[in-house]
Amino acid sequence: MAVPVQLTFRNVDAVEAVEAEIRDHARKLELFYSPIMNCRVMVDGPAIRQKKGYSFQVRIRLTVPGGEIVINRAPTLRPEERKIARAHHHRAEMETSRKNIEGAIKQAFAAARRQLENYARRQRLDVKTHEPAALARVTKLIPVKSCGYIETPDGREIYFHANSVLRGQFKNLKLGSEVRFIEERGEKGPQASTVRLVPKVRPAREALPVRAKR
């Protein structure tokens, strides 16, 4: 699903290539957090009396379930660009303004990506805190790679790493061991985290018959 993007340009002309770049950056944000409901971007150019600094302000406001994420970025010229600007002000303005606006956009969306990753991480932690752990059994163990696979009651096979097994109990796992786990999306598909070994419950001894006293 494409993220709805609302663009606003102030003190700078809207350029088709810049608009396309912003929309492309917005689309890539879904790779880090998919339920983005809206993305509003404002590109604010320098006022006429401040043009010597070539500063562009990029503001991003992301609407996500449960709140908003706001990013402001206004990068300055690199030292070598400042030297050019001082020596050839008008020519440098034409050469660096586009370059600087792209830098501001890139920095703003990089900050948005980091905040989205942090937001998604906090949400996963909150889900893990409240989500009941599912039951599964160990079907494969690969000690040399410190990993294995578990099978869910509906027949799905899910990867897990030794680091995801609580209390360092990976070494205690055996084929057929029952575990509880939280499922999350990994780089290569579903994977198990917070894997907890379910202790075997010994059957209670049947009560011995009481001999009647003579």
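How many salt bridges does the rule count here? The count comes to 10, a salt bridge being a side-chain nitrogen of Lys or Arg within 4 Å of a carboxyl oxygen of Asp or Glu. This is a predicted model, in which local features need pLDDT of at least 70 and side-chain atom pairs count only at pLDDT 80 or more, while totals for chains, interfaces and linings use all residues. Residues are numbered from 1 along each chain as its sequence is written, and side-chain values use heavy atoms, leaving out hydrogens and water.

View A. R59 sits in strand β3 and D44 in strand β2, 15 residues apart (strands are DSSP runs of E, at least two residues, and helices are runs of H or I, at least four, numbered from the N terminus). D44 is buried at 10% relative accessibility, whereas R59 is partly exposed at 29% (buried is under 20% relative accessible area, exposed over 50%, partly exposed in between, with a 1.4 Å probe and protein chains only).

**View C. D154 and R156 meet in a salt bridge.** The N to O distance is 3.2 Å. D154 is exposed at 55% relative accessibility, and R156 is partly exposed at 34%.
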